[in-house]
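Work through these exercises with the structure in view. Try each task before you read its solution.

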Amino acid sequence: MRKISVMDREMLSKNIFQSRIWGFEDIKEYILSPFEQDLPFYSFQAVGREHPCFILCDPFFFLPEYKPELSDEMQKELGADSKEELFCLSVVTVPDIFKNMTVNLKSPVVFNRHNYQSRQFVLDNPEYSVRHKLFGGCEEEIC
Amino acid sequence: MLILSRKTGESFLIGNDIEITVLDIQSDKIRIGIDAPSDVLVLRKEVKEIKEENRIASCTVTKEKLKCLNNYLNQSIN
């Protein structure tokens, strides 16, 4: 699986992704928009409606050692010829106190950069949690 | 809890129309086949937790919050 590049970021925001997010199976089309100034965050907004909108992040930015094991079945479901066509982003839960933000490492959203198919999968990796704290530090709240 | 021992290829029934078959056994993993009517929901247990987390994650996103978050991340990361 390749990491997400600057070129990817520009290209991604211009297209609609077909997706399947657990609990939101009725919503099938989303737009992925990068945050400003090269932050490793994206909004993932349902097309033509306000809700749901998810915040996704590049998990490798925070956890370079993160190794999601994608199966051949996952690759096939996304219609990819190789895992190199895929990249993954993780769903972030943002509480009112931002420093307590958590990220779902257990079930990343995996994207096919060629055909704009995406899906949220459940990894077999037992070590990854649904609520991994993104910032270990103690940054002050500014908002 | 009812406990059964099954070998590869053996199965058991839940009610009249749900059949569970052990397909393959490896050291720490087994593959299971489930034959059930289409209206029976079959979910890995962790998906329930994931659905709930997705619900919370999507509920907490507003336009104002996105703006604040952008500022916060700019200061924290850049």
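This is a predicted model: local features need pLDDT of at least 70, side-chain atom pairs count only at pLDDT 80 or more; totals for chains, interfaces and linings use all residues.

**Exercise 1. The interface**

Solution. 
- Step 1. Count the residues. Chain A brings 41 residues to the contact and chain B brings 30 residues.
- Step 2. Take the area. About 3,100 Å² is buried between chain A and chain B.
- Step 3. Ask which atoms supply that area. Carbon and sulfur atoms give 67% of the buried area.
- Step 4. Look for salt bridges. The rule finds six across the interface of chain A and chain B.
- Step 5. Inspect one pair. K65(B) and D96(A) form a salt bridge through their side chains, at 3.4 Å from N to O. This pair qualifies because a salt bridge needs a Lys or Arg side-chain nitrogen within 4 Å of a carboxyl oxygen of Asp or Glu.

**Exercise 2. The largest pocket**

Task: Find the largest pocket and say which elements give two or more residues to its lining.

Solution. 
- Step 1. Start with the volume. The largest pocket holds about 1,200 Å³ of space.
- Step 2. Go to its centre. Of the 29 lining residues, V122(A), D124(A), K29(B), R31(B) and R44(B) are the closest to that centre.
- Step 3. List the elements. Chain A supplies α3 (72-77) and β8 (118-120), while chain B supplies β2 (18-25), β3 (30-35) and α1 (45-59).
- Step 4. Pick the top contributor. β3(B) gives the most, with five residues.
- Step 5. Sort the lining by type. Twelve residues are nonpolar, five are polar and twelve are charged.

**Exercise 3. The second largest pocket**

Task: Which residues line the second largest pocket?

Solution. 
- Step 1. Take the volume. It is about 210 Å³.
- Step 2. Read off the chain A residues. Q45(A), E50(A), H51(A), P52(A) and C53(A) are in the lining.
- Step 3. Sort them. The lining has four nonpolar, four polar and two charged residues.

**Exercise 4. One residue, T8(B)**

Task: Where is T8(B) in chain B, and which residues beyond its sequence neighbours does T8(B) contact?

Solution. 
- Step 1. T8(B) sits in the segment before β1 (11-14) of chain B.
- Step 2. T8(B) counts as partly exposed because its relative accessibility is 48%.
- Step 3. Set aside neighbours within four places in sequence. T8(B) then contacts V22(B), L23(B), D24(B) and I25(B).
- Step 4. Check one distance. T8(B) and I32(B) are 24 residues apart along the chain, and their C-alpha atoms are 9.5 Å apart.

Definitions and conventions. Residues are numbered from 1 along each chain as its sequence is written. Chains are lettered from A and ligands numbered from 1 in the order in which they are written. Side-chain values use heavy atoms; hydrogens and water are left out. On a 1 Å grid over the protein atoms alone, a cavity is a set of points where a 1.4 Å probe fits but cannot get out, and a pocket is an open set with protein on both sides within 12 Å along at least five of seven lines; lining residues have an atom within 4 Å of a point. Grid points are joined across faces, edges and corners, and a volume is the space filled by probe spheres set on the points. Helices (H or I, at least four residues) and strands (E, at least two) are DSSP runs, numbered from the N terminus. Ala, Val, Leu, Ile, Met, Phe, Trp, Tyr, Cys and Pro count as nonpolar, Asp, Glu, Lys and Arg as charged, and the others, Gly among them, as polar. Buried means under 20% relative accessible area, exposed over 50%, partly exposed in between (1.4 Å probe, protein chains only). Contact means heavy atoms within 4.5 Å. Buried area is the accessible area (1.4 Å probe) that two parts lose on being put together, summed over both.
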